[in-house]
Amino acid sequence: MPIRWRDAMNQALYGPGGFFVAGGGPAAHFRTSVHASPAFTTALLRLLTQVDAALGHPSRLDVVDVGAGRGELLRALVGLAVGVSGEPAHSGRSGLIPAWSGSPETLTPTASARPLGGEPPSGNVRPSLAERIRFTAVEYADRPENLPEEISWTAEIPDGITGLLIATEWLDNVPLDVAVHTGDGWRYVLVDPGSGAESIGEPVTPDDLDWLTTWWPSPDPSPVTDSDPRPGLTWTDATSDSGSGFGAGRPAQGSSLTARSRPGCPETPSGDQGRAEIGRTRDEAWANAVGKISRGLAVAVDYGHLSGDRPVDGTLTGYRGGRQVPPVPDGTSDVTAHVAMDSVASAGAAVARCAYSMVPQREALRALGADGGRPPLSLAGTDPAGYVRALAAASAVAELTDPAGLGGHLWLRQPVGIPLGSVVAR
């Protein structure tokens with residue numbers, strides 16, 4: 001029986017046996033910045049130290065990962081913060097992050113570091129970052145085996161966060177409705193969960209119509225021409241001339257085509273003049289997350305689009321086993337859609353009552369020291385093995401900052417109760 005896309009996505013992704021709650025987790029199916037290079041985690045640790053300083057080095061510093069997968073990001077952060085994975089590499093132009101006074105790279109050595117949660121030292125010596133930090137993973141799946149004990153695991157975002165909330169490719173999986181613009185206005189698109197076949201449903205509700213009117217105006221009703229960015233074009237193709245750098249879909253092996261343009265994919269019902277992905281649920285989810293912060297910074301890292309440059313036919317697609325597949329909401333694959341980032345940002349700012357910043361990932365990471373630069377050739381003569389390692393690290397960072405891929409993801413940085421400038425590196 002056809003149902004609205006929001007309900008279909010919710011069941012397919014988060015219902016019993018759903019894609020994100022069963023099996024090996026997202027890492028088994030697609031690649032994100034967390035998996036691409038340890039430089040991403042090191043950059044986040046530098047950002048965390050900036051948040052810590054802006055907060056005045058509180059006795060407890062929270063790090064909350066929303067949509068944590070199987071805890072990959074926090075595992076890596078635990079390793080950096082408490083030294084269980086060794087000292088981070090740093091060599092300036094190697095593509096990794098150089099150390100600086102008071103940086104995570106100069107934290108208390110492993111041999112002398114006390115476990116997280118230990119008693120603070122006597123006197124006026126401030127406990128180290130490693131001693132004050134608290135890690136929380138937010139995910140619907142069961143707690144993975146062998147997850148470090150320093151990481152708490154919960155299905156809901158905790159209240160009273162003081163520190164950093166990070167959401168890496170979470171909002172794109174918040175279920176949403178899809179609408180199609182017909183001769184009598186916007187109507188919901190219905191989908192058969194088993195086959196992915198679509199049909200046109202009832203008119204959208206007043207709340208959704210208000211969101212569409214504000215954030216996704218009705219498309220130009222002019223006839224489709226060969227030059228229009230409509231069926232058959234990827235989101236990358238449709239925006240390449242504008243230089244926006246927003247990538248199409250999750251970076252993964254295989255085609256970058258949106259699934260709706262691929263052979264054998266259920267097509268949009270005939271008679272429409274454009275599709276829209278109604279981001280109101282994402283706005284609400286982000287506003288709720290920001291509202292959980294007492295003081296600190298919320299960061300959403302995702303691929304998306306802005307008003308005036310929306311994709312005419314939407315971005316709904318699927319991923320399974322490292323390949324892009326048609327978006328069939330049967331629970332066997334990821335179902336995702338790009339994020340209306342300006343709408344989300346506005347919702348978060350209304351809660352935080354603070355200005356926000358939004359830049360492509362390539363700019364955010366470079367400001368945090370990850371530039372992807374090649375190591376000096378002279379290193380090859382003095383330390384060939386070190387040169388090879390540095391070159392590999394630089395290549396990994398180059399993937400993170402590639403404007404046609406991960407580097408085109410947007411970083412939305414929303415401070416709460418702290419100055420924006422103190423946590424936006426330049």
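Select strand β6 (residues 177-182) and strand β9 (residues 275-278). Four bridges join β6 to β9, and the two run antiparallel. Strands count as paired if DSSP finds at least two bridges between them. Strands are DSSP runs (E, at least two residues) and helices are too (H or I, at least four), numbered from the N terminus. This is a predicted model, in which local features need pLDDT of at least 70, side-chain atom pairs count only at pLDDT 80 or more, and totals for chains, interfaces and linings use all residues. Residues are numbered from 1 along each chain as its sequence is written, and side-chain values use heavy atoms, leaving out hydrogens and water.

Now click Val-178. Its bridge partner in β9 is Glu-277. Show the side chains of β9. Arg-275 and Glu-277 point one way, Ala-276 and Ile-278 the other way, and all are buried. Buried means under 20% relative accessible area, exposed over 50%, and partly exposed in between (1.4 Å probe, protein chains only).

**Next stop: salt bridges**

Stay on β6 and pick Asp-177. Arg-4 forms a salt bridge with Asp-177, with the closest N and O atoms 2.8 Å apart. A salt bridge is a side-chain nitrogen of Lys or Arg within 4 Å of a carboxyl oxygen of Asp or Glu. Arg-4 lies in strand β1 (residues 3-4) and Asp-177 in β6, so the pair ties together parts 173 residues apart in sequence. Arg-4 is partly exposed at 23%, whereas Asp-177 is buried at 3%.

Select Arg-310 and Asp-342. They form a salt bridge, the closest N and O atoms being 2.9 Å apart. Arg-310 sits in the loop between β11 (304-305) and β12, Asp-342 in helix α9, 32 residues apart. Arg-310 is buried at 12%, and Asp-342 is buried at 11%.

Contact (heavy atoms within 4.5 Å) involves residues including Trp-286 of α8 and Val-351 of α9.

Select β12, β13 and β14. They form an open sheet in the order β13-β12-β14, with antiparallel pairing. The edge strands are β13 (323-325) and β14 (334-336). Finish on Arg-320, which stands opposite Arg-323 in β13.
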